[in-house]
Amino acid sequence: MSKGKKQALTLAGLCVLMAAAIALYFLVPQGEDKNAGEQESTSETVRVFHVEKDNITAISVSREGKDPVSLCKEEGGWKLEDLPEAPVDQEAVEGMFQALSPVTATKELAGDSGSKQEYGLEKPQMTVKITTSDGKSQEIRFGDTVPVSGGNYGMTAESDKIYTFTDALYNSLYVEKNTLIAKEEIKDINADYLTKISIKNKNKTTFLAEIVPDDKKVDAYTNWVISEPYKKPLAGSSTNDWATLQGFYTAVSFDELVEYQCSDKKKYGLDDPAAEIQVGYFDLKDGYEIPEEKEDSDSASTVGKSSNKANVVPEEYQDTKGYTLYVGKKDENGSYYVSLKGSQNVYTLSADKAENMMGADAYTYMDHSVYSTLASDIKGYEMTIGRSGKKITVTHDSEQGEDGKEKNIWTLNGKTVPADKEDEFLTPYSKAFLLEFTSAAKDSVKPESKDPVLTALYHEEGRDVTVRYLPYDGTNFYRVDKDGMDYFLVDKMSVDAVIEAFESLSDLDLQEKK
């Protein structure tokens with residue numbers, strides 16, 4: 001076949017394909033919007049109108065079956081027309097205006113008065129009216145949801161044109177009245193200024209922790225004392241657990257405002273609250289600055305010390321404050337209804353936050369160390385071993401060494417402990433220092449003997465602390481009596497190791513004290 005014939009055939013084939021494509025274009029139905037015959041703009045964004053947000057003086061939002069939300073701008077800011085005394089969240093109102101400068105649509109449909117019903121605009125889902133400082137107003141009506149692409153059909157009061165508006169515009173104007181009322185706030189509290197945490201569940205105090213003066217504290221390193229629910233006070237923990245506990249009460253924010261100025265709290269379970277939480281703290285008064293703490297050259301002596309400033313700041317410079325939170329029933333989402341003392345507003349608080357605040361218990365947050373004061377921070381101690389009757393007496397003093405540093409001076413049963421024996425001498429005390437409560441004792445357990453297997457008498461500055469290790473089940477635990485606080489157990493094998501270590505001190509080769 002010649003080259004010319006090939007070119008002719010190719011051209012003829014192309015013509016046939018082009019004719020087929022044209023026929024398909026006119027014969028096959030094209031994609032339609034909701035109604036056949038509608039004409040739509042080819043522009044991706046249609047400008048509907050423009051409102052300068054700074055010129056808006058009033059806005060109202062009406063939704064089917066709901067009371068309208070109407071706001072007006074006054075000299076002091078935005079106010080709710082039907083609740084002028086309610087504090088309005090100014091930022092929340094301003095957030096409604098972000099999509100109004102300008103108002104745009106994704107499509108413009110050629111509608112008419114008969115189209116309103118087809119697009120859900122005969123009875124709009126939501127109508128927004130905006131008034132500006134020049135006395136003019138604009139109105140947007142939102143109808144049915146646009147299939148597939150989302151958003152809503154809508155129109156203005158100015159024409160019969162129908163638009164498709166984005167979700168962003170609809171959602172920015174869709175507001176509940178309560179979301180515009182500013183929520184009460186519990187200011188963030190500096191944990192160093194906390195003074196009290198009290199929890200009542202069903203009118204019974206289940207936890208009470210307070211800052212006490214030095215002469216009332218249980219542990220040498222913290223002024224936090226847990227005085228309820230046990231008869232004898234416990235020391236608050238000096239570990240991260242205590243910092244976690246404080247965090248539950250120092251940073252509290254409500255989730256949603258349920259009812260403003262509620263007149264009947266019974267429906268929320270707040271007439272007889274499930275829990276009552278009291279938190280005490282103070283702020284520094286003007287004119288006072290906390291002095292800088294000097295660094296301690298002996299870092300070990302500062303381990304576990306509390307940073308609370310209640311006993312550092314003079315009372316005349318403490319601005320005493322606090323709050324009381326009542327916790328009611330749960331809502332359908334599992335959150336709790338809550339209200340502040342002195343307020344008629346009802347809020348929700350997530351279950352996690354509320355249950356952390358209500359659920360603090362003494363055993364979890366107490367100091368689990370049986371005795372956590374370093375040997376170098378006390379004047380001395382006496383250990384009496386029950387089974388042998390052996391008594392070990394230790395004194396502690398200090399003096400300045402030739403290098404200018406503080407030097408510990410120890411005696412054991414009247415004999416001086418040389419420097420090269422100090423580590424060996426301190427080993428038994430270190431073992432006792434590490435003893436921790438493991439669980440609560442049961443009064444139903446009846447030990448064979450009530451005589452202590454070990455009695456420790458610690459001489460602190462200004463007070464003595466007595467710890468007695470008592471028989472319990474004969475196998476796993478000893479019961480601990482610390483100055484009459486005898487609610488907890490300690491591992492028996494660990495205590496037996498402490499006893500053995502103290503008995504071995506007699507093997508030390510010591511000199512008589514000069």
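Colleague: Between which strands does the loop with Pro-229 lie?

Modeller: Residues are numbered from 1 along each chain as its sequence is written, and side-chain values use heavy atoms, with hydrogens and water left out. The peptide bond from Glu-228 to Pro-229 is cis, with omega near 15 degrees. Strands are DSSP runs (E, at least two residues), numbered from the N terminus, and the loop holding Pro-229 lies between strand S13 (224–228) and strand S14 (234–235).

Colleague: Is Lys-202 buried or exposed?

Modeller: Lys-202 sits in the loop between strand S11 (194–201) and strand S12 (204–211). Its phi is near 55 degrees, a positive value in a residue other than glycine. Buried means under 20% relative accessible area, exposed over 50% and partly exposed in between, with a 1.4 Å probe and protein chains only. At 58%, Lys-202 is therefore exposed.

Colleague: And Gln-261: what is its relative accessibility?

Modeller: Gln-261 also has a positive phi, near 50 degrees, and is found in the loop between strand S15 (256–259) and strand S16 (275–284). Gln-261 counts as partly exposed, because its relative accessibility is 45%.

Colleague: What is the mean pLDDT of the chain?

Modeller: Residues reaching 70 or more make up 87% of the chain. Where pLDDT is low, the predicted coordinates should not be read in detail. For the chain, the mean pLDDT is 87.

Methods:
This is a predicted model: local features need pLDDT of at least 70, side-chain atom pairs count only at pLDDT 80 or more; totals for chains, interfaces and linings use all residues. pLDDT is the predictor's confidence in each residue, from 0 to 100. Helices (H or I, at least four residues) and strands (E, at least two) are DSSP runs, numbered from the N terminus.
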